[in-house]
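Here are a few notes to read alongside the model. Take them in any order you like.

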Amino acid sequence: MHTRSLRLLMVCASQVSKWRSKGGDDVVDSLKKLTRISKSTEQRDHAPAAAWNSRMDSLLPDLEQITSARLARVMHCCRVAGYWNGDLFVGMVGGAMAKPGVIMGVRPIELGMIVQSFGMIAREQRKKGNREALEFFDLTGGLFMGRLMEACIEKGMFEDGKWRGSINARMLSNTIHGLGLCWENVPSFREGEGARFVRASIQKMLAALMEIEKTMCPMDFSNCVHGCVNDADLLREMFGSLMRCLVMRPSEFCPQQLSNITWGIGKLGYKDHGLLNVLAGFFLSGLGNFKEQHLANILQSFGLVGYRNEKLLSVCESEILTRLENQPGKFWEQHLASIAHSLGSLGFSQKRNEKLLVALGKEVSKISRVANFNDQHLANIVYGFGKCRFFRGRVLTRLLSASGKKLGKFSPQGLVNLVYGVALVQDSATAAMSDILVGFLEEICIEVEKRGAKSLNEQEICTLCWSMGELRFYDKQVVNSLILEYMTKQRHGMMTNPEADVTADPVTHSREEKSEGMRTVLAACAALGIQNDSYIERFRNQIFLDLNEGKGGIRGATFSLWSMAVLGVLSDQDFDQFCKHIDGFLAKGEVLGVEGSMQFIQGWLYVSLTGGPSNPASHAWQHLIDSAKEKCVQGTVESRFEKTIQSYLEEKGVGFRLDVRLVEGLLPVDIFIPDNVGGGIVVECDGLYHYTINKIEGKPRQIGVTLFRNQILLAAGYKVLCLPYFMGESEKKASLMKMIESMTLSR
């Protein structure tokens, strides 16, 4: 904040003299005239700034005797015209707080003007990135609004009968709307005693509104929903009134109000199918009249509450596609980001909605667009496209390039969403742009290390670990630091809500959610082959504690069993316990699917081959083993890599078999060269997906699943030769012949 502004604030706070009455009113009147000029100007930011500055400069010497009426009128004028003057606002707010009579003397109509103008100006300046304004609001906003609402409660403005003649629905809804804007845009507003007075005043205002429900218009409902988006409990009683108004007075609602109401319902997470169906009916009857912002709000809110109306979504898809093809410039960056994120949340996919996703991808990847996206936009777009399983190399490359330039600005949740979105399309992405992905993920890990794992909550740690596993990106130091922080947070029960904003207060999650998170982290370690004895025992104890309480189900049991087997820590006793729980879940009607059967069988193979002759696991649960075996048949795909090796073996006259299933017919291998004593060589032509995408000590590292496969084959008595995709042709052939020559072959 400027030195002049700080000095003026101290003057106003320490010594109140006088505001020359006539001069002050004359200036306010002239401001009102300028406001009318500014409102009629097509571009508000091009309002007659010189004239405004002249009037404001004449106000500065007279701020020492401010009144509530002048405070309200000047703020209103500045809000309408989009005008900001740091000295003026410091003087007005400082003078008002220094003189208790000003705040205590605020009348109902002035309260609505002051609060709504204050919130809207804060939002406008935050969008513009005005540092001086943001510092002003952060330093004084919470204190000023808290004192203002405390004064209103103290004098019984919302309860005392003497005020009822001055209170109306518009004044109350404007005040609630303004307080909601302050909550979103002024950090200091959410802290301290001020927040308590604000919530109490909102409760009293909503109660007063319910008494005059019939006088409320659509704008009032819109203001209230928008103002209470951070506290659903405050609005539950009002939703009944809103429903009545929607049904009985539908023609009074305009697209902007319907859009705002729907957006607020989504932010609140209020899933009332009756109310949502009524709103969907409005949208279906006139979607062509809705602006791009309205369309984005509708999809965003329905995505947040998980509400799917197939007919409405189809119409929205058609409308957005038409506008993207014909008038793409009408969509702002915020609209595009919201739409992309919402499509993912609502279950859109590349397979079913390719035309829309291609058009959206084309628009967001334009160089002029990418440069204007902020960190939240980029995170939402990449996340949304990932959820839709939509991949286009050029689109993702440009989005990641833009993100890499501003990683320091991303919230923790934004960073995680970026990586998660890429992980969801890893099959396509790692094959098409592995070098770009490696560079991007290295930057992400550097950023995480710089901030520290403490900057992430439990859900974010789980998601980041899972994503690194899916992308096969190996960074043992980062993963271990994440796991250590995960265990620390879990011990203190500080898992924050993954659906809430990252600024939300910590809440304690259910054991079920924590168990799912632990299984996710364990599976990520298994996928990458990262083992750390410091957490294995803790995870083992927690897993069986949850299973003993019936948590996790059959999927959780098989998933954990498989992860422990891959990590090499599944004991005979562990397997026996898992079998007891799986048998119990089956008895309750759960089903062991194909994936679960494969996980179970791989775990059984591990303990049966490594547990020794006294191992009871091979016999005690034979009915489970036989059932799972029947579901483990899977096809294999022959690659060009395998054909090259086959041709070479044929050329050398070496006998071999293709696509053989070894180890009781349960483990498919690429090429098997049998020997004369019942064993042989397993040749695995390991492509890209068997190795990390980054290099460890100069070359890609085999991932955990591939290492586990080799361990099972070795334990079964076979020799294993892995020919990686990055090995040269001559080196592959030399390695193959060297192993063949070391054993007696059958011809």
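1. Is R472 buried or exposed? R472 counts as buried, because its relative accessibility is 4% (buried means under 20% relative accessible area, exposed over 50%, partly exposed in between, with a 1.4 Å probe and protein chains only). R472 sits in the loop between α25 (458-470) and α26 (476-491), and its phi is near 55 degrees, a positive value in a residue other than glycine.

2. A word on the source: this is a predicted model, where local features need pLDDT of at least 70, side-chain atom pairs count only at pLDDT 80 or more, and totals for chains, interfaces and linings use all residues. Residues are numbered from 1 along each chain as its sequence is written, and side-chain values use heavy atoms, leaving out hydrogens and water.

3. Now R389, in the loop between α20 and α21 (393-404). R389 also isn't a glycine, yet has a positive phi of about 55 degrees. With 46% relative accessibility, R389 counts as partly exposed.

4. On to the cores (a nonpolar core is a set of buried Ala, Val, Leu, Ile, Met, Phe, Trp, Tyr and Cys residues joined through side-chain atoms within 4.5 Å). The largest has 208 residues, and those with the most contacts inside it are L111, F144, F158, L206, F385 and F600. Helix α8 (residues 131-154) gives the largest share, nine residues (helices are DSSP runs of H or I, at least four residues, numbered from the N terminus). Another core lies apart from it, with 16 residues, including Y648 and M727.

5. What does F144 touch, leaving aside its neighbours within four places in sequence? F144 is in contact with L71, M75, V93, A96, M97, I114 and F118 (contact means heavy atoms within 4.5 Å).

Key. Helices (H or I, at least four residues) and strands (E, at least two) are DSSP runs, numbered from the N terminus.
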